Amino acid sequence: MHRLIVPKTLRTHRYASNQSSAGLALYRALLRQCGRLPGAVPELQTSKSLIQQIFHKYKSLQSPSQTANALKAGYEALDLLHSASQGNEHDRHRIATLVLESQSIKKQTIEFQKALASTVQPKPLSKRELKKEESRRFQEMTARRHPDATPILSRPRPVVNGRRRVPVLVSARGIPFLRIKKPQPKNLSGVIRTKLDKRWRRIERRDKLGVEILFAKDEDEWDQLTLGRPETETWAGEIKKALAEVNTQLKESDSKNKELAEAMWQVVLAERKLAAEEATQASTQR
């Protein structure tokens, strides 16, 4: 059989755990020493944020040698901060100089990166990225209904510029609509989504009422047993009314969708007829 090895007993695990604890203790000690520095010199107060940035940068070190070097530098910084907090002017000046140098290097690095970024030529977009960008712009343009848009049932248009596009009748889970071309306008997608959400909420309410009516019947039976006579207003009666109302709403919406689908289908047939006539006329003119 294979011998089980518990990770905590491994030497590398113990080493990493000890180094992590030592680093955290050192970090806290450094922050405490920063709080003891005099506030008259602004650079000394900036040392705390600088230590926090450096710790955040190197907190994920995995290399033992790099971790040891980082701890060594941290202990040297701790001694320097302690000496400065005790009134050593030389060490205070040294800390202020180190902070200023760090800020200067950071500023130069940012300026260099900006200059480098300005010289780099933008990478040309791939076909997929271009298509995605075009789709995004189209969705932004079609987020709202165009003020000059005509109702879809007012089609077919008697005259069109270029080739006539015959719409396709599509059903989105029972919601009919005419698709003229792809991609689909965002406002149309929003209308369809709103109708679907409304219908689904009604279906959920119907199912919930179907379960609640069973409990209501039990309540009515209990009332009849305890009172010795049936109640004029029952628990189940109110739920039946609500259930009938939801079913009526669903039937009415389905009926409207059916009528709308039939009207849209007539639009498709009329568009097909005009498209065929225009194609025949164009072929004879050639």
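Is Arg173 buried or exposed? Arg173 counts as exposed because its relative accessibility is 66% (exposed is over 50%, buried is under 20% and partly exposed lies in between, using a 1.4 Å probe and protein chains only).

## About this model

You are looking at a predicted model, where local features need pLDDT of at least 70, side-chain atom pairs count only at pLDDT 80 or more, and totals for chains, interfaces and linings use all residues. Residues are numbered from 1 along each chain as its sequence is written, and side-chain values use heavy atoms, with hydrogens and water left out.

## Two domains

The domain assignment gives domain 1 (11-117) and domain 2 (164-285); such bounds come from an automatic or database assignment. The C-alpha centres of domain 1 and domain 2 are 66 Å apart.

## Where H3 meets H4

Let's start with a pair of helices. Helix H3 covers residues 64-85 and helix H4 covers residues 89-119; helices (H or I, at least four residues) and strands (E, at least two) are DSSP runs, numbered from the N terminus. Two packed helices are described by the angle between their axes and the distance between the axes. For H3 and H4, the angle is about 125° and the axes lie 8 Å apart. Axes here are lines fitted to C-alpha atoms, for helices over the stretch in contact, and angles run from 0 to 180 degrees between N-to-C directions. H3 and H4 are therefore oblique to each other (under 35 degrees is roughly parallel, over 145 roughly antiparallel, 65 to 115 roughly perpendicular, and the rest oblique). H3 passes H4 in a left-handed crossing, meaning that the near helix is turned anticlockwise from the far one by less than a right angle, while clockwise would be right-handed.

On the H3 side, the contact (heavy atoms within 4.5 Å) is made by Leu80, Leu81, Ser83, Ala84 and Ser85, and on the H4 side by Asp91, Arg92, Arg94, Ile95 and Leu98. These residues divide into 5 nonpolar, 2 polar and 3 charged (Ala, Val, Leu, Ile, Met, Phe, Trp, Tyr, Cys and Pro count as nonpolar, Asp, Glu, Lys and Arg as charged, and the others, Gly among them, as polar). Take Ser83 of H3: it counts as buried because its relative accessibility is 18%. Leaving aside residues up to four places away in sequence, Ser83 touches Asn88 and Asp91.

## Where H6 meets H7

Now look at helix H6 (residues 186-227) and helix H7 (residues 235-285), which pack at an angle of about 160° with axes 8 Å apart. That angle makes H6 roughly antiparallel to H7. The crossing of H6 and H7 is left-handed, and the residues of their contact divide into 11 nonpolar, 4 polar and 11 charged.

Thr234 sits in the loop between H6 and H7. With a relative accessibility of 30%, Thr234 counts as partly exposed. Thr234 and Glu219 are 15 residues apart along the chain, and their C-alpha atoms are separated by 8.5 Å.

## Backbone details in the loops

Which peptide bonds are cis? One joins Arg155 and Pro156, with omega about 5°. Pro156 is in the loop between helix H5 (127-141) and strand E1 (168-172). Another runs from Lys182 to Pro183, with omega near -5°, and Pro183 is found in the loop between strand E2 (175-179) and H6.

Finally, back to Arg173, which lies in the loop between E1 and E2. Arg173 has a positive phi of about 55°, although it is not a glycine.
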